[in-house]
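Hi everyone, thanks for coming. Please take a look at the structure on the screen, and then I'll walk you through a few spots in it.

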Amino acid sequence: MKKTVPQNTWVEHLKRIQADQDQRAFAELFAHFAPRVKAFLMKSGASPSMAEECTQEVMATLWHKAHLFDPSRASVATWIFTIARNKKIDALRKQRRPEPENLEWGPEAEPEAADILVLQQESQQLTQAMTALPSQQRELIEKAYFGDLSHSEIAAETGLPLGTIKSRLRLALSKLRQTMK
């Protein structure tokens, strides 16, 4: 027969961990939730070793971040299983991240003189093309590409509608492409 523990007991345990770093309260939470978290992770497709590792990370997070738990937003179980789901997603992302093959260390090779000349000529051509644009389009291009602002940020800054920003940028880029050819 399963022993059920009232929800407010787990909340009290988390409060004790938060306030006093109560190891006994943590041990009880660990004993109850760790096997359930591991089973949950394995049922959702994690390997036994990944489930074990994620469970350990979940419980460590519970210990270190007990102060972030808000009983008005979720139950203890919901909070813990949300942390578990996020840890599993992080672990899967780490597995899928390719390792770089050839990392070049040290200073980069100096570019060839011909490449430098071509780059200078293209820069001059771009400067001339930019000055030929109407001021409204030129300002938007400068904000988007030189100011590194998103379209939404430009809209907020200028007060122009987002559609207008996008249309003007599209038109300006088209003119720049034609001029640069």
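Let's begin with Ala34, which sits in helix α2; helices here are DSSP runs of H or I with at least four residues, numbered from the N terminus. Before going further, a word on what you're seeing: this is a predicted model, where local features need pLDDT of at least 70, side-chain atom pairs count only at pLDDT 80 or more, and totals for chains, interfaces and linings use all residues. Residues are numbered from 1 along each chain as its sequence is written, and side-chain values use heavy atoms, with hydrogens and water left out.

Is Ala34 buried or exposed? Its relative accessibility is 8%, so Ala34 counts as buried; buried means under 20% relative accessible area, exposed means over 50%, and partly exposed is in between, with a 1.4 Å probe and protein chains only. Leaving aside residues up to four places away in sequence, Ala34 touches Leu29, Thr55 and Met59, where contact means heavy atoms within 4.5 Å.

How many aromatic pairs does a search of the whole structure find? There are 5, counting rings of Phe, Tyr and Trp (its six-membered ring) whose centres lie within 6.5 Å; planes under 30 degrees apart are stacked, over 60 edge-to-face, and the rest tilted. One of them is Trp10 with Phe33, an edge-to-face pair at 5.3 Å centre to centre and 65° between the planes. Trp10 belongs to helix α1 (residues 7-20) and Phe33 to helix α2, so this pair ties together parts 23 residues apart in sequence. Trp10 is buried at 7% relative accessible area, and Phe33 is buried too, at 3%.

Then there are Phe26 and Phe30: their ring centres are 6.0 Å apart with planes at 55°, so that pair is tilted. Both lie in helix α2, 4 residues apart, about one turn of the helix. Phe26 counts as buried at 18% relative accessibility, while Phe30 is partly exposed at 28%. Together with Trp63, Phe26 and Phe30 form one aromatic cluster.

Thanks, happy to take questions!

Definitions and conventions:
Helix = DSSP H or I, 4+ residues; strand = E, 2+ residues; numbered from the N terminus.
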